[in-house]
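Thanks for coming, everyone. Let me put the structure up on the screen before I say anything about it.

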Amino acid sequence: MSRFVYVNDRFLRRHEAFIDIEDRGFQFGDSVYEVIFVTKGCLVDEQGHIDRLAYSMGELGMDLPKSPVTISLLIRELIRLNDLTDGLIYMQVSRGAASRDHLIPKGLSQTFIMNTRQVDLTAKSSINEGVDVITVRDIRWGRRDIKSTQLLANCLAKSEAVRAGADEAWMVDENNFVTEGSSSNAWIITDDQVLVTRPPTHDILNGITRRTIIDIALQNNVMFEERAFSLDETKIAAEAFFTSATSLATPVLSINGIAIGDGVVGPITKVLQDQYLVYAQQTSL
Ligand code: PMP
């Protein structure tokens with residue numbers, strides 16, 4: 001738990017922080033968020049996350065709460081106050097507080113919060129050794145490219161996975177094609193060594209880790225195809241993994257109880273994981 005949090009222009013001790021009970025983020029999920037990975041004091045893909053925050057807000061008719069430069073400075077101050085070296089930065093912006101009404105009011109004063117979590121993700125066994133995945137029907141709304149806090153379907157999917165003894169749920173659309181994980185992007189490597197992930201349409205969140213992994217794959221001469229893949233295709237995949245700021249590149253050992261490849265961390269996945277960490281630990285504050 002972070003000692004200090006940021007709420008609307010102030011750094012406060014966590015127990016001193018509060019938001020209005022009529023905040024639209026709380027009542028309607030009328031808010032967006034970002035999560036940034038911090039490793040060995042490096043802030044990974046900060047610009048990408050701030051750009052995507054601006055994108056999500058723009059799609060919902062909101063402006064960034066501060067300039068990108070000011071947001072960067074505020075992030076750095078929170079890192080300093082919490083002595084954060086390894087972990088996560090969470091930021092959320094809601095449209096603000098107003099008397100409860102579905103009609104979106106104009107001119108509200110946004111609620112902008114940030115907190116941090118100290119955790120060394122690089123040491124997590126799930127990331128190093130891989131996990132099992134189940135699939136569930138994707139029941140979310142049609143604008144999954146917007147990183148909104150309306151995450152109930154994602155929470156239900158993740159909880160179903162854990163109840164089934166797995167670690168992540170991959171969601172499938174009405175044609176049985178995988179959209180993405182409950183909080184991650186989904187990837188397979190086919191039998192003929194082609195890395196495949198779904199294109200960034202409205203159907204999925206265009207992960208910042210996803211974009212970086214594509215760059216790393218291309219730099220390492222991994223063959224790459226951006227296309228949707230079906231649940232049936234996962235059964236004959238050589239390797240599979242998922243990506244996000246919190247799961248980095250996590251190997252998938254099985255899907256719905258069916259082993260992927262040899263049921264161990266695949267060689268291409270391992271190269272991408274390793275190169276991702278090299279990349280991450282070269283970024284600076
Ligand atoms: N898809 C969903 C639904 C997610 O929640 C996340 C992580 N927030 C991602 C993909 C991965 O995004 P990123 O790599 O930017 O963390």
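This is a predicted model: local features need pLDDT of at least 70, side-chain atom pairs count only at pLDDT 80 or more; totals for chains, interfaces and linings use all residues.

Residues are numbered from 1 along each chain as its sequence is written, and side-chain values use heavy atoms, with hydrogens and water left out.

Okay, the sheet. Six strands make an open sheet, and its order is β2-β1-β6-β5-β3-β4, with antiparallel pairing. At the edges sit β2 (10–13) and β4 (42–43), each pairing on one side only. When I say strand, I mean a DSSP run of E with at least two residues, while a helix is a run of H or I with at least four, all numbered from the N terminus. Two strands pair if DSSP finds at least two bridges between them.

Take β1, residues 4–7, and β6, residues 111–118: they pair antiparallel over two bridges. In that pairing, Val7 is opposite Ile113 of β6. Packed on the sheet is helix α3, residues 68–81, which touches β1, β2, β3 (31–39), β4, β5 (87–94) and β6. Its direction makes about 40 degrees with that of β6. Contact here is heavy atoms within 4.5 Å, and the axes are lines fitted to C-alpha atoms, for helices over the stretch in contact, with angles from 0 to 180 degrees between N-to-C directions.

Now, what lines the second largest pocket? Val5, Tyr6, Val7, Arg14 and Ile113 are among the residues there, and β1 and β6 each supply at least two. The space comes to about 200 Å³. On a 1 Å grid over the protein atoms alone, a pocket is an open set with protein on both sides within 12 Å along at least five of seven lines, a cavity is a set of points where a 1.4 Å probe fits but cannot get out, and lining residues have an atom within 4 Å of a point. Points are joined across faces, edges and corners, and volume is the space filled by probe spheres set on them.

There is one cavity of 30 Å³ or more. The largest cavity holds about 40 Å³, and β13 (239–244) and β14 (248–255) are the elements giving two or more residues to its lining.
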